[in-house]
Structures are given as structure tokens and as C-alpha cells.
Amino acid sequence: MLTYLCLSDTDGPARFYRVELAYNLFGEYTVLREWGRRSPGRAGRRLVTWFSNLRDACLAAERWHQRARRRGYRTTIEGSA
């Protein structure tokens, strides 16, 4: 499993964007994207996309990670925030 956790650096509300790549029980690869505000009691949004091969899943995960970086999120190690 590969996880990117990105946090916003803006002065507004603290926000997160997470991209996770995993292998599922059906022999497919999934990319989970989750985003929202970092506050207790607020559920973020999530979207799961399925891929038939690892290459396409990695390319998609990297593309979404780079898009979050361009929007002002910084990458951090999951669990440190």
C-alpha cells in the first residue's frame, strides 16, 4: 500500500488530501482519494477508482498527488499530522 497525505498551507481552514494505492481481493488495484477539513466530527469526501493493472493505478495516483501539490498542499508522512 502506498499513501500520500497532503496538508494545506493556507491561512484558512486546515484541509487534507489523501491518495492511497492498494491491491484488493478481486485482483484489481484501487486508488482511494479522500479530502476535506481536518476537524473532529467532520467526515471528508472519498472516491475509489479501480484499475486492472498496477502501472495505470500508479500513474493515476501520482497524477492526483501532483495535482494536490499544485493546489498548495504539502506532502507529509501519514500519522505525523
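**Salt bridges, strands and a helix**

Modeller: Let's start with a charged pair: glutamate 34 and arginine 46 form a salt bridge, with 2.7 Å between the closest N and O atoms. Keep in mind that this is a predicted model.

Biologist: How many residues apart in sequence are the parts that glutamate 34 and arginine 46 tie together?

Modeller: Glutamate 34 sits in strand β3, while arginine 46 belongs to strand β4. The pair therefore ties together parts whose separation in sequence is 12 residues.

Biologist: Is glutamate 34 buried or exposed?

Modeller: Buried means under 20% relative accessible area. Arginine 46, at 57%, counts as exposed. Glutamate 34 has a relative accessible area of 13%, so glutamate 34 is buried.

Biologist: Which residues are linked in a network of salt bridges?

Modeller: Side chains of opposite charge can pair when their charged atoms come close. Arginine 18 and glutamate 20 do this through their side chains, at 2.7 Å from N to O. Arginine 18 is buried at 14% relative accessible area, and glutamate 20 is buried at 15%. The linked residues are Arg18, Glu20, Glu34 and Arg46.

Biologist: How many salt bridges does a search of the whole structure find?

Modeller: Another pair is aspartate 56 with arginine 55, whose closest N and O atoms are 3.5 Å apart. There, aspartate 56 is partly exposed at 32%, and arginine 55 is exposed at 60%. Searching the whole structure gives a count of four.

Biologist: On to the strands. How many bridges join β3 to β4?

Modeller: On one side, β3 runs antiparallel to β2, joined by nine bridges, and leucine 32 of β3 has glutamate 20 opposite. β3 also runs antiparallel to β4 (residues 45–51), with tyrosine 29 opposite phenylalanine 51 of β4. The number of bridges joining β3 to β4 is seven.

Biologist: Which residue caps the N-terminal end of α1?

Modeller: Look in the loop between β4 and α1. A side-chain oxygen there lies 3.3 Å from the backbone nitrogen of arginine 55. The capping residue is partly exposed, at 30% relative accessibility; its name is asparagine 53.

Biologist: Within what arc do the buried residues of α1 fall?

Modeller: The buried residues of α1 are Ala57, Ala60, Ala61, Trp64, His65 and Ala68. Looking down the helix axis, they line one face, because they fall within an arc of 130°.

Biologist: And which exposed residues does the face of α1 turned away from its buried side carry?

Modeller: To be exposed, a residue needs over 50% relative accessible area. Arginine 55 qualifies, being exposed at 60%. The exposed residues on that face are Arg55 and Arg70.

Biologist: Last one: which element gives the largest share of the largest nonpolar core?

Modeller: That core has 13 residues, and Tyr17, Val19, Val31, Phe51, Ala57 and Trp64 touch the most other members. Two or more residues come from each of β2 (15–23), β3 (29–37) and α1 (54–70). The largest share is five residues, and the element that gives them is α1.

Notes
Residues numbered from 1 in each chain as written. Predicted model: local features only at pLDDT ≥ 70, side-chain atom pairs only at ≥ 80, totals over all residues. Heavy atoms only, no water. Core = buried A, V, L, I, M, F, W, Y, C linked by side-chain atoms within 4.5 Å. Buried < 20%, exposed > 50% of the residue type's maximum accessible area, 1.4 Å probe, protein only. Helix = DSSP H or I, 4+ residues; strand = E, 2+ residues; numbered from the N terminus. Arc of directions from axis to C-beta. Polar contact = N/O pair within 3.5 Å; in protein donor to acceptor, adjacent residues only side chain to side chain. Pairing = 2+ DSSP bridges.
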